[in-house]
Amino acid sequence: MANLNNGVESNVTQTQPLWLLAEITYRCPLHCAFCYNPTDYADYTKNELSTDQWIKVLRDARKMGALQLGISGGEPLLRDDIEDIVVEANSLGYYSNLITSGVGLTEKRIDAFKAGGLDHIQLSMHDITEEISNFVTDTSTFKLKQKVAAMIKDRGYPMVLNVVIHRYNIGHIKEILEMAEALGADYVELANTQYYGWSLINRNQLMPTKEQIDEAEKITNEFREYIGNKMKIFFVVPDYYAERPKKCMNGWGEVFMIVTANGDVLPCHSARVLPDMNFPNVQNNNLNEIWYDSSSFNKYRGDEWMKEPCRSCSEKENDLGGCRCQAFLLSGDAEAADPICTKSPHRHLIDQALEDSKNEKLQAQPIIFRTDKNSKELINGEHKDRLKDFKAMP
Amino acid sequence: MTQKINNADVYKIAAHHRFQWEEAQNCYVILFPEGMVKLNPSGGEILSLVNGENAVADIISSLNEKFKDAGDISNDIISMFEFALEKAWITKI
């Protein structure tokens, strides 16, 4: 499909919400330093959608072609209706995934999920050491996670481990992979921290060096050779050290649809940071209209919105200009090229961030953990020094 | 590394994978943790016969019969099996 735009042909691709992410609650018993949830989540913890409202979302999205369902949060297990949602997802033909910290996953609940047809469980792990695992989550959950991993395996689920990588655990990649092998993991996602939400305000404390990333990737590749098809390992490269941005969400409003705890519908996790946007809510709008007709979903589809240097760039199809949220948070211009790109006039902001992350004084600042208290303090204008480099609350 | 496909082999859809027809997409899909693949019509047609009972030879003769006008498509079918095996979508019984 081609649109005419001042005589310039631009691409508008076929869009279909293949992936539905249900961020079913922002409540969470963990307080991870790198959480990508919005730092102002405390404003959205009330007015969670009811079970019936979630079931309607599932039905409507399925009609539109959604296939992969992520049940996420916060910690989804803080809600007691996940069992009902799983049953509905299964009857609708979703391939469903519970994305959990493991806290709250009891024998009784996992049996109910198995009987209800949940397809897999993605468990977050943090390190091989109890000390670091407990430190970055600001909880004592290390032993519990080990137990939960065994329970997932025992029920015959594919074992999908997600490990967010940052300065505190990047030196343990080999040991983390060995732990995954010992737990019988089928899939391991080594997800280098992406700097949004809480991880952005803790960027100086979390960012590893280029040398550490290269070493981690090398170790991962060696481990892949050794383990073969038995365990699939994904190494999500961090964009700050790249020269071109990522094709964020595989394109704005292309294949991902996120419904948040209170029913707002977003094209990506952090879209609320963008200015002049009014994201529709499933309580007032029809999901089909939200996806196809709302101004927010159409705003950054295709490439009509682009400015230079993206507009005439020969590589624009590869990354669609990168991430709108990152562009706005760092440069103040939501239509600018993602500052990751070395062609961006704002690339110096990324280079400065990389310099700052080597500054021992900045590294030594205390981590602001993801807690209700800290979220409220940030909303109330405290910790200003930690927000000064950003054009909105991440 | 391409594994050799024998006529007598019997395959099934791999554990933790689901193969289904999608009305909204108008195609077969294969679903697995963290991913999905939309299959083209011939790939979908072939995998729809992979059920843990049909041998490769049965699938070849059945599809050659169904698509007579296309000539002998045996090699295309074998290639699809090799591809699906390499992707770990199917496993040998």
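Figure 1. Residues are numbered from 1 along each chain as its sequence is written, while chains are lettered from A and ligands numbered from 1 in the order in which they are written. For this predicted model, local features need pLDDT of at least 70 and side-chain atom pairs count only at pLDDT 80 or more, whereas totals for chains, interfaces and linings use all residues; side-chain values use heavy atoms, with hydrogens and water left out.

**Figure 2. The open sheet of nine strands in chain A.** The strand order is β9-β8-β7-β6-β5-β4-β3-β10-β11 (chain A), and the pairing is mixed. Because β9 (232–236) and β11 of chain A stand at the edges with a single partner strand each, one side of each is left without a neighbour in the sheet. Strand β3 (residues 19–23) of chain A pairs with β10(A) in the parallel sense over four bridges, and L20(A) stands opposite M257(A) in β10(A). Helix α9 (residues 210–227) of chain A lies across β8 (187–192) and β9 of chain A and runs at about 165° to β9(A); such angles run from 0 to 180 degrees between N-to-C directions, the axes being lines fitted to C-alpha atoms, for helices over the stretch in contact.

**Figure 3. Packing of helices α1(A) and α2(A).** The axes of helix α1 (residues 51–63) of chain A and helix α2 (residues 82–92) of chain A come within 10 Å and cross at roughly 20°. The two helices α1(A) and α2(A) are therefore roughly parallel to each other, on a scale in which angles under 35 degrees count as roughly parallel, over 145 as roughly antiparallel, 65 to 115 as roughly perpendicular and the rest as oblique. The crossing of α1(A) with α2(A) is right-handed, a term applied if the near helix is turned clockwise from the far one by less than a right angle, and left-handed if anticlockwise. On the α1(A) side, T51(A), W54(A), I55(A), L58(A), R59(A) and R62(A) meet D84(A), I85(A), E88(A), A89(A) and L92(A) in α2(A), contact meaning heavy atoms within 4.5 Å. The residues of this contact divide into six nonpolar, one polar and four charged, with Ala, Val, Leu, Ile, Met, Phe, Trp, Tyr, Cys and Pro taken as nonpolar, Asp, Glu, Lys and Arg as charged, and the others, Gly among them, as polar.

**Figure 4. Packing of helices α2(A) and α3(A).** Helix α2(A) also packs with helix α3 (residues 107–116) of chain A, at an angle of about 15° and with the axes 8 Å apart, which makes α2(A) roughly parallel to α3(A). The crossing of α2(A) and α3(A) is right-handed. Here I82(A), E83(A), V86(A), V87(A) and N90(A) in α2(A) meet R109(A), A112(A), F113(A) and G116(A) in α3(A), and the residues of the contact divide into five nonpolar, two polar and two charged.

Figure 5. A cis peptide bond with omega of about 15° joins G73(A) and G74(A), and G74(A) lies in the loop between β4 (68–72) and α2 of chain A. Another cis peptide bond, with omega of about 5°, joins E308(A) and P309(A); P309(A) is found in the loop between α11 (295–298) and α12 (316–319) of chain A. L320(A), although not a glycine, has a positive phi of about 50° and is placed in the loop between α12 and α13 (324–331) of chain A.

**Figure 6. The open sheet of three strands in chain B.** The order is β2-β3-β4 (chain B), with antiparallel pairing, and the edge strands β2 (18–22) and β4 (35–38) of chain B each pair on one side only. Neighbouring strands of this sheet are turned by 25° against each other on average, direction ignored. Four bridges join strand β3 (residues 27–32) of chain B to β4(B), and V29(B) stands opposite K38(B) in β4(B).

Conventions: Pairing = 2+ DSSP bridges.
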